[in-house]
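Subject: Structure handover

Dear colleague,

Notes on what was found in it follow below.

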Amino acid sequence: MENNEAIRDQEIEIDLVALFHELVKHWKAIVASMVLLAAVFGLYSKITFVPEYEASAEMYVLTKSTSITSLADIQVGSSLTNDYEYVITGRTVLSQVIDNLDMDETYEQLKERVSIENPTDTRVLRIVVTDTDLDDAKTVADEIANVSSAYIADNMDQSQPKIIQTAYASKTPVNNNILKNTVIGAVLGLFLAAGIVVLGYMLDDTISTADDMESRTGLKVLASLPMDQTEYDGKKSSKKKKKKKPSTDANKSSNSKKRAV
């Protein structure tokens, strides 16, 4: 039993080594596939790239109570942030923002570009707006903060949230994924080319050497015949036969026969 397991382990190791050599043999094709797909992914990402910017404004949530130091006020203020997140992205607030800024888009379109963040263990709400124009993103974020702050004070019987930070944004686009997509293309090219090589190796059942015969059938080769010298790459070369010229004696005899006639 131990000998059989050792033989099986040896066969698997030999197969893996042979597969590795097969991959190394086709390394040029693998590298070419990586470069090609990386170039395609990178070029496509660059052509279709539309920069998007994020602007964020921040509000501080207060309770109706004048005391903001008690534990109860802190807990109530933290629970209110969930309600405010729902109100800020609601139809009433965002529709008012669209009307105030005379924006040419629907409520659903604007809502897709707005997100609300609440940092852990704080009563701060961050209103984040995404837009292809940096200044427009800032303007919309500020307007949402102003409209939602006034709406909460008027309709929710709570103290008006304080705007502690007007909208600010980085000039660096948040969706610049050209390098990332290029790397993804290179990795896909690697796996695609390597997969084709491995598949071709696994499907190749031809026997070309004595080692292949032993590994595939378990039979040992007793003798082998050398390849004929007239064969090259499996194709026999045709020999040109030289035409023999008739001898001078034969020519003389034929001429003498013609004269006799």
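How many helices and strands does the protein chain have? The protein chain has nine helices and six strands; helices (H or I, at least four residues) and strands (E, at least two) are DSSP runs, numbered from the N terminus. This is a predicted model, in which local features need pLDDT of at least 70 and side-chain atom pairs count only at pLDDT 80 or more, while totals for chains, interfaces and linings use all residues. Residues are numbered from 1 along each chain as its sequence is written, and side-chain values use heavy atoms, with hydrogens and water left out.

Overall figures

Of the 261 residues of the protein chain, 25% count as buried. Buried means under 20% relative accessible area, exposed means over 50%, and partly exposed is in between (1.4 Å probe, protein chains only). The accessible surface of the chain comes to about 19,300 Å², and 56% of that belongs to carbon and sulfur atoms; the areas come from the Shrake-Rupley method with a 1.4 Å probe, and for residues only the protein chains shown count as cover. A contact means heavy atoms within 4.5 Å. Among contacts between residues at least 6 apart in sequence, 69% join residues at least 24 apart.

The nonpolar core

A nonpolar core is a set of buried Ala, Val, Leu, Ile, Met, Phe, Trp, Tyr and Cys residues joined through side-chain atoms within 4.5 Å. The largest one has 27 residues, and those with the most contacts inside it are Ile88, Leu110, Val114, Leu125, Ile127, Val129 and Ile144. At least two residues of this core come from each of β1 (53-60), α3 (71-88), α4 (91-101), α5 (107-112), β2 (114-117), β3 (124-131) and α6 (134-155). Helix α6 gives the largest share, seven residues. In soluble globular proteins, nonpolar side chains tend to be buried together.

What does Ile127 touch, leaving aside its neighbours within four places in sequence? Its contacts include Ala55, Met59, Ile88, Val114, Ile116, Ala141 and Ile144.

Salt bridges

A salt bridge is a side-chain nitrogen of Lys or Arg within 4 Å of a carboxyl oxygen of Asp or Glu. By this rule the count comes to five. Side chains of opposite charge can pair when their charged atoms come close.

- Arg126 and Glu58 meet through their side chains at 3.2 Å, N to O. Arg126 lies in strand β3 and Glu58 in strand β1, so this pair ties together parts 68 residues apart in sequence. Arg126 is partly exposed, with a relative accessible area of 22%, whereas Glu58 counts as buried at 13%. Glu58, Glu117 and Arg126 are linked in a network of salt bridges.
- Glu108 and Arg91 meet at 3.1 Å, N to O. Glu108 lies in helix α5 and Arg91 in helix α4, so the parts tied together are 17 residues apart in sequence. Glu108 is partly exposed at 42%, and Arg91 counts as partly exposed at 48%.
- Arg113 and Asp131 form a salt bridge, with the closest N and O atoms 3.0 Å apart. The pair links distant parts of the chain, Arg113 in the loop between α5 and β2 and Asp131 in strand β3, 18 residues apart. Both Arg113 and Asp131 are buried.

Loop residues

Arg123 is in the loop between β2 and β3, and counts as buried because its relative accessibility is 6%. Its side chain makes a polar contact with the side chain of Tyr60 at 2.9 Å. A polar contact is a pair of N or O atoms within 3.5 Å; within protein, one must be able to donate a hydrogen and the other to accept it, and residues adjacent in sequence count only if both atoms are side-chain atoms.

Is Asp102, with a relative accessibility of 67%, buried or exposed? Asp102 counts as exposed. Asp102 sits in the loop between α4 and α5, and its phi is near 55°, a positive value in a residue other than glycine.

Asp133 lies in the loop between β3 and α6 and is partly exposed, at 32% relative accessible area. The side chain of Asp133 reaches the backbone nitrogen of Asp135 at 3.1 Å. Asp133 and Pro51 are 82 residues apart in sequence and 8.4 Å apart in space, C-alpha to C-alpha.

Regards
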